[in-house]
Amino acid sequence: MNRIFFRFFVLVMLSITIATFAIYFATSRLFGDPLDDIARRQAAAQIFLLEQYIDKAPADDWLVRLNKVREVSGVKFYLVPLSSVRASLPVQQHAALNRGELVLDTANKAFYRRVDLHGESYIGSAEEVIHAQELPIDIDLALKMEAVRYVIVALFLLVPIALWSRSHWLGLQELSRVADEVGAGKLSARASFKTGAIIYPLAERLNHMAGRIEGLLDAQKNLLHSVSHELRTPIARLEFALELLRSAADDPALEQRIVAMEGDVAELNGLVNELLGMIRLDSRQALQQASFELAPALLGCVDALDPLAAQPQVRLDSALGSMTGDRRLLLRAVGNLLRNAQKYGNGRIALSARRVDGVEIVVEDDGPGIPEAERGKVFEPFYRLDRSRDRSTGGFGLGLSIAQKAVALHGGTIAVEQSALGGARFVIALPA
């Protein structure tokens, strides 16, 4: 936000500067150089003497009055040939000189003007020019005055602009905060503005959007929760019916069919349990925070694995110590990763943990790995790679999603990489 405000401030300053130069060049083009006008005002006294005192003298008294002015004025007045002045002045000023107008030489603090056009002041006056030097012209002072005017105008423009921008800046900060909270899962966050605020319509639309998202997700969670609970009743009836059928059946072929059906029911029951677990994680219920020793907890997680499947090689840092969090959720995340490695590994699994600005837990295997293009998708619910869709590996595509949510609730992250064993490498990073 600070960067946006600074850029806007710089843009306004540049606009004012460009406008100042545009005004200067437009004025110069239409009405002449403003610096000449400033210099003319500063030399107004000497011009007044020339035009109102010397020029109004009778023909035989013109030179007398010029000499009187020379005696009392600090400005030096000279009579110089017209030809030499034409040679020294720029060509574009010759026309004004020929018309008998006063021509300023601002850089040299001087001006030129023909005595007269018809030789009426004295003999030969038509071919001579009055050259006034050391005029009290100070362009630097004039430029400083213009700069002060520019600064004052800029300040009077920027102060209301800054106040107006500040209200927008604070409003955008509030909207940014609400957007961050909604993005982080706090869907109840809302922006609060007075109805007269300029940013109020945008805030209302953001609040409406957040409300719609919250309502849709709540409806989805409630539906999923209700369906999952409703499924438990027919599943229980199916289990009871299969037990009755088994007790009444003596046919071995029927027994095999009953076993297969029990497997399907168990799989369906597992799916319901996974869905309910996902709902509890999404509802962000209060974590059961407690301090526990990490190394024994991870070893207990290994002991809970299927003993008939490949067992992991365990490398735990001796300085793991304890950490505070929901022990059950964290171990469930690690257990899901280990079971995932057992399913897809070819016999080699590794579990390691160490302290590196927090806690880092790594699970890797020697299986087929996960393509780089799929690594961002494997944490999505129900997403499974094509090679794992067969019944031999099982699973519902919820294990990695549950693991990621459990880690995220503790402020950590989980990432998938290529393992040195050849398969996938999952890295859990938890804050200290």
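**Strands, helices and loops**

Student: Over how many bridges do strand S9 (residues 359–365) and strand S11 (residues 424–430) pair?

Tutor: S9 and S11 pair in the antiparallel sense, where pairing requires that DSSP finds at least two bridges between two strands, and where strands (E, at least two residues) and helices (H or I, at least four) are DSSP runs numbered from the N terminus. The model is a predicted one, in which local features need pLDDT of at least 70 and side-chain atom pairs count only at pLDDT 80 or more, while totals for chains, interfaces and linings use all residues. Residues are numbered from 1 along each chain as its sequence is written, and side-chain values use heavy atoms, with hydrogens and water left out. The number of bridges between S9 and S11 is six.

Student: Which residue is the bridge partner of Val 359 in S11?

Tutor: Strands of a sheet pair through backbone hydrogen bonds, either parallel or antiparallel. For S9 and S11 the sense is antiparallel, and the bridge partner of Val 359 in S11 is Leu 430.

Student: Which strands are the edge strands of the open sheet of five strands?

Tutor: The sheet has the order S6-S8-S9-S11-S10, with mixed pairing, and its twist averages 15° from one strand to the next. An edge strand here pairs on one side only, which holds for strand S6 (313–316) and strand S10 (413–418).

Student: At about what angle to S6 does H10 run?

Tutor: H10 lies across S6, strand S8 (349–355) and S9. The axes are lines fitted to C-alpha atoms, for helices over the stretch in contact, and angles run from 0 to 180 degrees between N-to-C directions. On that scale H10 runs to S6 at about 170°.

Student: How many residues of the contact of H10 with H11 are nonpolar?

Tutor: Ala 297, Leu 298, Cys 301 and Val 302 of H10 meet Arg 327, Leu 331, Val 334, Gly 335 and Leu 338 of H11, with contact meaning heavy atoms within 4.5 Å. Ala, Val, Leu, Ile, Met, Phe, Trp, Tyr, Cys and Pro count as nonpolar, Asp, Glu, Lys and Arg as charged, and the others, Gly among them, as polar. Beside one polar and one charged residue, the nonpolar ones number seven.

Student: How is helix H3 (residues 44–54) oriented to helix H4 (residues 62–72), roughly parallel or roughly antiparallel?

Tutor: H3 and H4 pack with their axes 10 Å apart, at an angle of about 150°. Leu 49, Tyr 53 and Ile 54 in H3 meet Trp 62, Arg 65, Leu 66, Lys 68 and Val 69 in H4, a contact with six nonpolar, no polar and two charged residues. The angle therefore makes H3, relative to H4, roughly antiparallel.

Student: How many of the residues of strand S3 (residues 110–114) are buried?

Tutor: Buried means under 20% relative accessible area, exposed over 50% and partly exposed in between, for a 1.4 Å probe and protein chains only. Both faces of S3 are covered, with Ala 110, Tyr 112 and Arg 114 on one side and Phe 111 and Arg 113 on the other. The buried residues of S3 are therefore, by the cut-off of under 20%, five of five.

Student: Which residue in the turn between S2 and S3 has a positive phi?

Tutor: Strand S2 (residues 103–105) and S3 run antiparallel, joined by three bridges, and Val 103 stands opposite Tyr 112 in S3. The two strands form a hairpin with four residues between them, and the positive phi, about 55°, belongs to Lys 109.

Student: Where does Asp 357 stand, buried or exposed?

Tutor: Most residues other than glycine have a negative phi, and most peptide bonds are trans. Asp 357, in the loop between S8 and S9, has a positive phi of about 50° although it is not a glycine. Glu 134, in the loop between S4 and H7, also has a positive phi, about 60°, and is partly exposed at 46% relative accessible area. With a relative accessible area of 80%, Asp 357 is exposed.

Conventions. Parallel < 35°, antiparallel > 145°, perpendicular 65-115°, else oblique.
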